[in-house]
Amino acid sequence: MNTQIIAQMVVSGALMGLVYALIAYGFQLTYATSKSINFGQGELVMLSAFFSLTLLNFGAPYWLMIIGGLLFGAALGLLVERAAVRLALQQKSEGWILLSIILGLLGFSAAENIWGRDDRPFPTPISADALHVFGINITPLEISVAIGVFAVMGLVELFKRKTLLGKAFEAVAADRDAAELMGISATRTIMLSYGLSGMVAAMAGILIAPITTVGPTMASALILKAFAVAVVAGLDSGFGVVLIGIFLGALESLTSFYVGSGWREAPGLILLILALAVRPNGVFGKAAIVKV
Amino acid sequence: MKKTLLATVLLGAVAQTALAADVVKIALTGPFSGGSAPMGTSMRDGAKLAISEINLAGGIKVGSKKMKIEIVERDDEGKNERGALIAQELAAMDDLSGVIGTVNTGIALSGDKHLQEKGITKIITPAAGSASMTQWANKADKPGVKELSIFRFAAHDGIQSAMVVEHAINQKFSKVAILHDATNYGVSGRDDLLDQIKKQGNKLEVVATEKFNIGDKDMTAQLLRAKAGGAQAILIWGIGPELAAVSNGMAKNEMKIPLVGGWTLSMSNYIDNAGKNGDGTLMPQTFIEEAITPRAKSFIDGYHKAYNVTRIPSPVSAAQGYDAVYIFAAAVEQAQSENTGKIKLALEDLKKPVHGVITTWQHPFSTWNPANVESHEAFRRSDTVMGMISEGHVVFANQADRARLIKNASK
Amino acid sequence: MLKRFLFLRGAEFFALLILAIVPLWVSNSYALGLLTLLAIYGILLIGLDVTVGYLGQVNLGHAAFLGLGAYAAGLCVTLLGWGMAGALLMSSLVGLVFGGLLALPALRLAGPQFALATLSFSALTATLLNEWEGLTGGAQGLSLARPPLLGLSLSAHGFYWLCIVLLAVVWLLMRNLLASQWGRAFEALRDSSIACDAMGVSTYRHKVAGFALGSGLGGLAGGLYAFNFQYLQPQSFTYELMVILLLGVVLGGRKSLWGAFFGACLIVLLPNLLSNRLLFEMLAAAGLLLALIAAARAYRHQSAQLFQRLAPIFAMGLLVVGGFMVDNTESWRKAIFALMLFSVVVGLPDGVMGFVAKFLVRSLAIAPARIAAAARLESVLSPQRADGLPLLELQNVRRYFGGVKAVDDISLTVNAGQVHGLIGPNGSGKSTLVNVISGLYAPSSGAMRLQGKALPVGSLLKVSRAGVARTFQNLQLFAELSALDNVMLALRGVYRTPLALLLLGLARRDERAAQAEAMALLDLLGLQNEARTLAKDLTYGAQRRLEIARALARKPTLLILDEPAAGLAKPDVQTLIVLIRTIHARGISIILIEHHMDVVSELCDVVTVLDGGKVIAQGTPEVVKRHPKVIKAYLGVAQEELAEPLIQKEFPAC
């Protein structure tokens, strides 16, 4: 009984953790090229989910909805880049933090007024009836989320390694100045990264919406966790976010079972501070030697 | 820059006082954005529906003239600080006749003192947390206030938790788990439940008391604790989306036990998001969106038409907002004045029955007695029925209640 | 001068006067409530500005300090029955202590990492306040009554005046502190903590102090918050509030008390003003008008990018058009707020007050504060003994990075009064050696002595205080500080006023003396006309010279110049040579790392050549230049005959 409970807790927690990881991955994409992240990423997830839901309600087939949602996410990502990030990066200021928060606020308010303040279900063809796997209850819906997370991250990595555009991305990430000398436009690459990041956010929204439901606040709790996962893993850690995400998710579950549900987040937070204290660039991040 | 801002504040205050003439000014407050917005907006829209009906009929008859109702609308976002500031703002309006609203108990606790200080009449609806009224009552260490201008028009948690516990006992359960959210509402609901279990003879063993945060989606841990303890029912206090997460989590973990909880389980964001997993969920209700009486029919149709919906997001909030306005209007008419103090006195002794959508209100409030909060509470146990979710709608859990209400209305 | 004084002090006095007398003719309790909150948020944001503005850290924990302070005060009253004064003291103390603790991660983390650490701290605080029901009442909240202040029970008016008095006191103390060496140090930390330590200004001490101070003010504001609302709930102090506070500081203008105060006005008043439809439409129209005027001005002066000009117009235009289209502005409040914020952040990067201040200074023709006249150089750099005795001795110093032996068993002596050259090809270990001497890296093994005493290891700060000053090859100037402030920050031995007196504004004499000395050094480096220019706006050559001036402000016995001529044009190199001679003439010993052979030949008494982390040759420049190992190291050729013409080409001065 006991091991079974632990296994169930770990699996449920890990699934949430994968979602954190996917959103965290979106942070990484923009950080790699521009050393900036979108603090309104949660609103991107939410707006894309609402948009996809609207497509479904207009009778669009499921595949079309996914494409539409991804395009919408990419467009929002580009908008954030243009309106919030580009100017701040040119001025070498940290204005992007505030501007991206502000755009998030705008998106939140727009969603509240356009789609309403209520949480709504997101229809899905995949069943939510539990299956038994080694005594653990898991739904096909949850499995689809896990598969989706890996598929999205895999595809993006493939894109980065196998296509010319993707290699330009990697070049700018590795050394922006050198890449520019080679004739790669950093501005374009940063746009690309924000577009991609928007798509990843949209995919995250579509994947989790059937579980979390769609509402203006659907991502506000997720986004802080995702941020934590991204930073603790290291903002340049690649697949490191998956491990940290799973770990954090499982830890939260186990804490709320064994310590008490009110303390759910506490051990994670303490570990997080400790992890940062020991490895400021993240557990899987690349440590840099101070040079002058 | 600062000076001009100050000037505009003052200007605003002046502009507001200049407008008063032959109108009854009522403020509607509540969370119209953020997490508890479905309740706030339903309440507001229900109240506005009543107000537009009254105004369409010419207004409230005061002396020889008819006074129309003017609305001041304030969004408190469910934040205590905003709530307190809004209460201060309302308290400073000289011509305000009264306030209707508040969803979050915390806001009643942080803001109502400003209204009470100025003696401005307020009808709290739909906030159900006990503390919003007990803060004025006698306590062990200090006596309550002598005069109170705050009334409540909602089935307070004491009534609701009594019904929930009673139901569990009637079903011959012996072990239950309590789940609640980490907000003021959830925590005080938990305390009320524990209190009622004791009051009703300690017949229930609480095998798990679990918390969840607003925005939590994964309830596995809490549910497994309940399951491990052998709970036969889950008593729950929280708000829509998280409640749905609990319901869905129960299905996933194959816990086929009843879910019983506060009135918020009737909100559309629970019903929709729990889907078929929500069927059979029980909760105390003051209003069920079913056209069992002509009044209910006209209210429901009116709401659907006015706000272009096919279902009210929170029917209880809407109906209570609607009836609260009619009760307030009746008090204005009886007082023959838009003066808030006179309205308060009239409310404490309403002579004529008010035909509302929930029921026909006979003398809902009486003169404030700090030893008995019931004096300013409109709802009694008998005004509250058990509702049940069935195929996406809230229906009467007991047909006897339905029949009783139809009979009451036809009287 | 008088005009400037009247303007600055007059504005402060006027604002205070208005704030103090407004309640006398406004009996409206709502206006009073807003003003009280404004004063409280003023204190809160001044505190936040210390960490976000001056220290330049993205601090997401300030809302938690407000909460901790509020609960501390609340519990002092409800549990211990304390009065208001004691409770407020306690809440400040709580903020101070926890703020000091929060500085510890800040010592190592920056940017997003630090933001996350502070965010975690505030989430932990919220969890604690929520879960410790026995103490805090948890989610049900904590109700308290406003206690008497020193036996006096306060009315709403009385409490307001208390808040105003506290705001004024905080304002005064902060103004004095920020105008002193402390304020400079806070700002310098943001640009380069390495250079701070190297200039003898303790990063550790100032960061901890800065955070403690900022958070202490947060705690104090929390105490007032508790007595204002008299009802506390943990959920009031979360991320959402934090975001609003952050926006307030940036909107008002960072690094400015006025900015913080104006930010407080905005976040307190704006949400309440927007409830009024008419007022909203007036604000939107005024905003659009402002954006248009600003864009027209910017167009004329070509002073901003197209995006910067158009975006605010677009945002404000959206506001005006949207205002006509929606029927309920109340439900769009957040969007309205966002559009206004967007316009300000894009259009006015210095914040509203930064813009207003610039505008007023220009239109009222207010001259900047006068700078003290330069002191005599002799009094700043008093002559030192150049007795030729060993000054710096290195014995078998090693520094390994993993398997890389960057410095491998180097022994070296620098004699007092010498200019000691250090050369070698790229990657030979010069920079690492200098970093080991100056304390950036601790040596893996080996001993170092300065004037016979052991040189501290692994601490830039301690080495700097021992009398070694350095410049940096990759400039480490405090970019946001003026040239004068860069030098004043590093000055040694002038700041003597104790903190308590300094807070009371009694450190003016120190400041004048420091200015005079700093000006002398700027004169020496030919930077006297750039004293007010921000370091980042100086030309490259001037930045290099400023590095030297700053190092000289340490009044060192040993000065390490790390490639001072790198990237300089020919005439500038000549000026530099003359300059180094002048410095040398004051008796200061110098280690000179340089690639320009002509500079080395002209200046150095002794040259040590490194390659592969080892000393390969040492002697006068002439001797070293002909050393076969040196030639091999530079050219990779063994035969001297073959190398000779090449090296002549490379170093024509030889």
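Let's start with where chain A meets chain B: 30 residues of chain A and 29 residues of chain B take part in the contact. Please keep in mind that this is a predicted model.

How much area do chain A and chain B bury between them? The value is about 2,500 Å², with 52% of it on carbon and sulfur atoms. If you wonder why I quote an area at all, the size of an interface is often given as the accessible area lost when the parts come together.

Now for the charged pairs. There are 2 salt bridges across the interface of chain A and chain B. One of them joins B:K252 to A:E142, and the closest N and O atoms of that pair are 3.1 Å apart. Polar contacts between chain A and chain B come to 8 residue pairs, with both residues at pLDDT 80 or more.

The largest share comes from α1(A), with 6 residues. Sorted by class, this side of chain A has 12 polar residues, along with 9 nonpolar and 9 charged ones.

Let's move over to chain C. Here we have three pieces to point at: domain 1 covers 39-173 + 199-268, domain 2 runs over 274-366, and domain 3 over 379-650. I'll stay with domain 1 and domain 2 of chain C, whose C-alpha centres lie 30 Å apart.

At this boundary within chain C, 11 residues of domain 1 are in contact with 10 residues of domain 2. Together, domain 1 and domain 2 of chain C bury about 770 Å², and 80% of that is on carbon and sulfur atoms. So who supplies the area on the domain 1 side? C:L247, C:L251 and C:F262 give 51% of what domain 1 of chain C buries against domain 2, more than any other three residues.

What about salt bridges between domain 1 and domain 2 of chain C, how many are there? The count is 0. Polar contacts do turn up there, in 3 residue pairs with both partners at pLDDT 80 or more.

On the helix side of things, α11 (239-252) and α12 (257-273) of chain C each supply at least two residues to the face of domain 1 that touches domain 2. The largest share, 5 residues, comes from α11(C). By class, that face of domain 1 of chain C has 6 nonpolar, 3 polar and 2 charged residues.

Terms used
Residues are numbered from 1 along each chain as its sequence is written. Chains are lettered from A and ligands numbered from 1 in the order in which they are written. This is a predicted model: local features need pLDDT of at least 70, side-chain atom pairs count only at pLDDT 80 or more; totals for chains, interfaces and linings use all residues. Side-chain values use heavy atoms; hydrogens and water are left out. Contact means heavy atoms within 4.5 Å. Buried area is the accessible area (1.4 Å probe) that two parts lose on being put together, summed over both. A salt bridge is a side-chain nitrogen of Lys or Arg within 4 Å of a carboxyl oxygen of Asp or Glu. A polar contact is a pair of N or O atoms within 3.5 Å; within protein, one must be able to donate a hydrogen and the other to accept it, and residues adjacent in sequence count only if both atoms are side-chain atoms. Helices (H or I, at least four residues) and strands (E, at least two) are DSSP runs, numbered from the N terminus. Ala, Val, Leu, Ile, Met, Phe, Trp, Tyr, Cys and Pro count as nonpolar, Asp, Glu, Lys and Arg as charged, and the others, Gly among them, as polar. Domain bounds come from an automatic or database domain assignment.
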